[in-house]
Amino acid sequence: MTLRIWAMLPVLMLLVACGGSSSSGPASSGALPDHDEPPLEDPEQDNPPEEPSPPEGGPLAGVVQKGPFQAGSKVTLVPLILGAVDEGARVLETTVDEQGRYAFAATGLSGPALLKVQGYWFDERNGQFSSEPITLRAVVNVADGKGNINPLTDLISARLQAALAEHDDDYPAALQSTLLEYHALTGLRMPPGALDMLKGFIVGETLDVGYYQEIGLLPMILSAMAQGGMEGLAAAREGFAAGGAENEEARTFWQTMWTGYAELIAEHNDESALLTHLQGHLSGQYPHASGEAFPPYLGGVQSLLAGYAPSCSPGPDGSHSEHNRRLCLGGDGQSLMVGGEYGQAGLYLDAPTDASYRVVVQQSDPVPNDAPVYLESVSAGNGNARLYEQCQNHGNCSVATSARRQGSRMYFRIRTGGEARQVRVYVERLGDGHPQQPMVIAPDRVPHHGKAGIRDGSSTPPLTHSAYATENSFSHYFFYVGVGGKTLVVDNFLCGDEALPPAWGMEMLLAKVSGQGYETVASSPGARNCEGIRHDIVAGETGLYYLRVHPDYERATGTQPSSVSHDYRIRLLPR
């Protein structure tokens with residue numbers, strides 16, 4: 001349209017000078033010039049103005065995925081001012097290529113902008129393109145030069161726009177504040193605009209474990225969204241903008257994702273098989289470059305998002321002796337009847353992630369006082385099971401597990417010799433990670449609020465730990481340091497008006513991971529205040545790190561089993 005107007009400009013100027021009109025018909029013919037007078041000349045007729053040159057600077061490129069969008073899908077870009085669309089700005093357009101990528105060679109922009117894509121998307125569940133188009137959006141910082149679009153960027157887009165207004169268009173600050181609520185809702189830590197499900201991994205390169213893990217999660221999460229239906233995304237976007245992680249629409253949408261995820265797992269038996277299936281369709285349509293492959297499987301949705309999945313259902317009452325009542329992590333737990341004509345209750349827990357767990361039983365008021373209730377951890381779901389641990393109380397009590405691998409099954413019994421009563425039972429994560437499968441965190445992007453549990457509270461000689469307690473009480477992590485000049489801080493141990501119990505503390509072991517194994521970098525004494533434990537990582541010490549955090553319980557006294565969970569915070573801060 002711009003080109004057409006510029007081309008017609010000499011003619012329009014001539015008509016205006018002659019008192020004419022661009023309309024046709026006798027009523028608009030106007031007065032013709034006297035034939036004795038020379039016709040008026042357009043002074044610019046021989047040198048018409050040139051078409052405006054395209055904007056310079058600010059290139060922007062990325063991928064558009066739910067899976068990848070079909071070639072030819074339209075992508076638009078418009079600048080934002082304090083989070084609102086600049087109504088007077090030019091809207092830039094481009095299209096998606098055969099790899100599901102877009103590129104603006106130059107935008108003339110350098111700050112926050114709103115990206116939108118509309119089109120059909122490749123369904124990695126069946127290897128076909130969708131039958132209906134969708135529109136997705138992302139709020140990007142053009143100065144970064146890259147920005148991806150996917151349903152997760154759409155989910156946070158409206159809240160990120162509002163955060164830009166609050167932070168005076170400071171994109172990093174607005175993104176950081178948005179990611180805190182995003183993590184609270186989803187458990188994810190990476191900025192969703194950084195994720196690309198087609199990202200290739202070159203064998204031998206150093207893994208940014210958190211980044212590559214969420215790349216592996218992306219096709220599973222987006223497929224689960226499609227499985228459960230995408231209709232709720234728009235409401236979730238607006239709800240998340242208004243109320244963050246606590247908004248009902250946002251929570252409902254994320255729970256719908258988990259419902260779809262559960263259906264996909266039922267079809268493919270486990271996460272690794274599901275991921276292989278999805279990546280097979282993706283690589284068939286979008287092959288990697290020579291020497292690249294999908295990142296190694298680092299643990300999937302369940303592994304990363306333990307405690308965020310509502311898809312676990314308690315299961316049938318059935319026969320208590322068969323231990324077929326399922327325990328689910330998180331939530332309010334479940335109520336059941338034990339004692340009297342109900343007998344004992346047999347339960348099981350499938351570890352949703354590599355971690356240790358605490359099972360708690362509570363008795364409803366009024367509590368019968370004729371006999372205590374027993375909660376027992378046992379070796380198997382039959383009458384010949386070996387007893388691991390037992391608690392008894394007329395009120396509440398708990399037992400804990402050792403560190404368990406994802407998917408491993410644990411059995412429990414609840415019984416009483418007294419009259420029938422209703423009890424409530426629930427499960428909490430007691431400690432993070434497993435010695436052979438540490439939890440992946442990204443403390444430089446989002447602080448990790450961790451847990452380290454204590455199962456064995458009996459007195460022990462100095463510098464001596466029971467093997468069972470050691471396996472459970474240590475929490476294990478991997479994290480990646482991309483640049484030096486950072487300080488690792490582990491702190492916030494029961495801060496505020498409270499302090500750690502007398503003679504208790506927290507300890508830290510930090511090791512650098514290389515091809516030759518682990519090299520200890522720091523081993524700290526126990527910290528007993530909010531100042532925490534600190535270690536500087538200088539330039540030249542980048543790479544993958546292993547962190548172990550555990551309570552210092554060597555001087556604990558008493559003989560009763562304990563399942564205490566200690567909370568703390570892990571951050572990687574600039575020096």
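These questions and answers walk through helix packing and strand pairing in a predicted model.

Me: Are helix 2 and helix 5 parallel, oblique or perpendicular to each other?
Reply: Helix 2 spans residues 151-166 and helix 5 spans residues 233-243. They pack at an angle of about 40°, with their axes 7 Å apart. Roughly parallel would need an angle under 35 degrees, and roughly perpendicular would need 65 to 115. The two helices are therefore oblique.

Me: Does helix 2 pass helix 5 in a left-handed or a right-handed crossing, and how do the contact residues divide by class?
Reply: On the helix 2 side the contact includes P151, L155 and R159. On the helix 5 side it includes L233, R237 and F240. The crossing is right-handed. By class, the contact residues are nine nonpolar, two polar and four charged.

Me: How are helix 4 and helix 7 oriented to each other?
Reply: Helix 4 covers residues 209-228, and helix 7 covers residues 271-285. Their axes lie 10 Å apart at an angle of about 90°. The range 65 to 115 counts as roughly perpendicular. So the orientation of helix 4 and helix 7 is roughly perpendicular.

Me: Which residues make the contact of helix 4 with helix 7, and how many of them are charged?
Reply: Helix 4 supplies G216, P219, M220 and S223. Helix 7 supplies E271, L274, L275, L278 and L282. Six of these residues are nonpolar and two are polar. The number of charged residues is one.

Me: Is S272 buried, partly exposed or exposed?
Reply: S272 lies in helix 7. Its C-alpha atom is 9.9 Å from that of G216, a residue 56 positions away along the chain. Buried means under 20% relative accessible area, and exposed means over 50%. S272 has 35% relative accessibility, so it counts as partly exposed.

Me: Is strand 6 largely enclosed or open to the outside?
Reply: Strand 6 runs over residues 112-119. A residue is buried under 20% relative accessible area. Six of the eight residues in strand 6 are buried, so the strand is largely enclosed by the rest of the structure.

Me: What is the strand order of the five-stranded open sheet, and which strands are its edges?
Reply: The pairing in this sheet is mixed, and the order is 12-14-19-16-17. Each edge strand pairs on one side only. The edges are strand 12 (325-326) and strand 17 (387-393).

Me: Which residue of strand 19 is the bridge partner of D350?
Reply: Strand 14 covers residues 345-350, and strand 19 covers residues 409-416. They run antiparallel and are joined by six bridges. The partner of D350 is R409.

Me: In the four-stranded open sheet, by how many degrees are neighbouring strands turned against each other on average?
Reply: This sheet is antiparallel, in the order 13-20-15-18. Its edges are strand 13 (334-338) and strand 18 (397-400).

Me: Which residue of strand 20 stands opposite L336?
Reply: Strand 20 covers residues 421-432. It pairs with strand 13 in the antiparallel sense over five bridges. Opposite L336 stands V423.

Conventions. Residues are numbered from 1 along each chain as its sequence is written. This is a predicted model: local features need pLDDT of at least 70, side-chain atom pairs count only at pLDDT 80 or more; totals for chains, interfaces and linings use all residues. Side-chain values use heavy atoms; hydrogens and water are left out. Axes are lines fitted to C-alpha atoms, for helices over the stretch in contact, and angles run from 0 to 180 degrees between N-to-C directions. Angles under 35 degrees count as roughly parallel, over 145 as roughly antiparallel, 65 to 115 as roughly perpendicular and the rest as oblique. A crossing is left-handed if the near helix is turned anticlockwise from the far one by less than a right angle, and right-handed if clockwise. Contact means heavy atoms within 4.5 Å. Ala, Val, Leu, Ile, Met, Phe, Trp, Tyr, Cys and Pro count as nonpolar, Asp, Glu, Lys and Arg as charged, and the others, Gly among them, as polar. Two strands pair if DSSP finds at least two bridges between them. Buried means under 20% relative accessible area, exposed over 50%, partly exposed in between (1.4 Å probe, protein chains only).
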